[in-house]
Amino acid sequence: MAEAAAGMAWPLPAALCPVANFCFYSSMYLSSLTLAALSVQRYLGVAFPLRLQGRRRPGRVLALTAVIWLLACGHCSVVFVAEFTRTGSYGQGGNGSGAAGGVGEPTVSGG
């Protein structure tokens, strides 16, 4: 909200940018994966009611939830890797993609 209020310019410290992106995208992944797991559980409960009746255990639910959290947070941790790689290469005169002279950045001509 702070970015939108500031005319789409990031007014907060630079370290909070990847944290905000991580929270935004991980919440989307977590909700989607949790709904998918719930849908699979409901389907199996309807398709195989007698076979799955005695297999409901809280430990399995907690394990699946932990796997979903690790999967979503691990996938979204790419935001941090990309941010720190980009920041590290800016200090060397690059634009994060390995090429010199990014947008708004002067190219260095040397000889």
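Here is a quick tour of this predicted model, from the overall fold down to a few residues.

## Overall fold

Start with the big picture: the chain has four helices and zero strands. Going along the sequence, that reads as α-α-α-α. Of the 111 residues in the chain, 10% are buried.

## The annotated stretches

An unreviewed UniProt entry puts the feature "transmembrane region" at residues 19-40 and 61-82. In the model, residues 19-40 come out as 100% helix and 0% strand, with 31 Å between the end C-alpha atoms.

Residues 61-82 are 95% helix and 0% strand. Here the end C-alpha atoms sit 33 Å apart.

## Leu70 on helix α3

Helix α3 covers residues 58-76, and Leu70 is part of it. Is this leucine, Leu70, buried or exposed? Leu70 has 66% relative accessibility, so it counts as exposed, because the cut-off for that label is over 50%.

## An arginine patch

Which residues gather in a patch of positive charge on the surface? They are Arg51, Arg55, Arg57 and Arg60.

Take Arg57 from that group. You'll find Arg57 in the loop between α2 (16-47) and α3. Its relative accessibility is 46%, so Arg57 counts as partly exposed; that label covers values between the 20% and 50% cut-offs.

Notes
Residues numbered from 1 in each chain as written. Predicted model: local features only at pLDDT ≥ 70, side-chain atom pairs only at ≥ 80, totals over all residues. Heavy atoms only, no water. Helix = DSSP H or I, 4+ residues; strand = E, 2+ residues; numbered from the N terminus. Buried < 20%, exposed > 50% of the residue type's maximum accessible area, 1.4 Å probe, protein only. Patch = residues over 30% accessible without salt bridge, like charges linked within 9 Å, V, L, I, M, F, W, Y side chains within 5 Å. Areas by Shrake-Rupley, 256 points an atom, 1.4 Å probe, with all protein chains shown as cover. Salt bridge = Lys/Arg side-chain N within 4 Å of Asp/Glu carboxyl O. Lys, Arg positive; Asp, Glu negative; His and termini not counted. Charge placed at Lys NZ, Arg CZ, Asp CG, Glu CD. UniProt positions renumbered as here; feature names shortened; annotations may be inferred.
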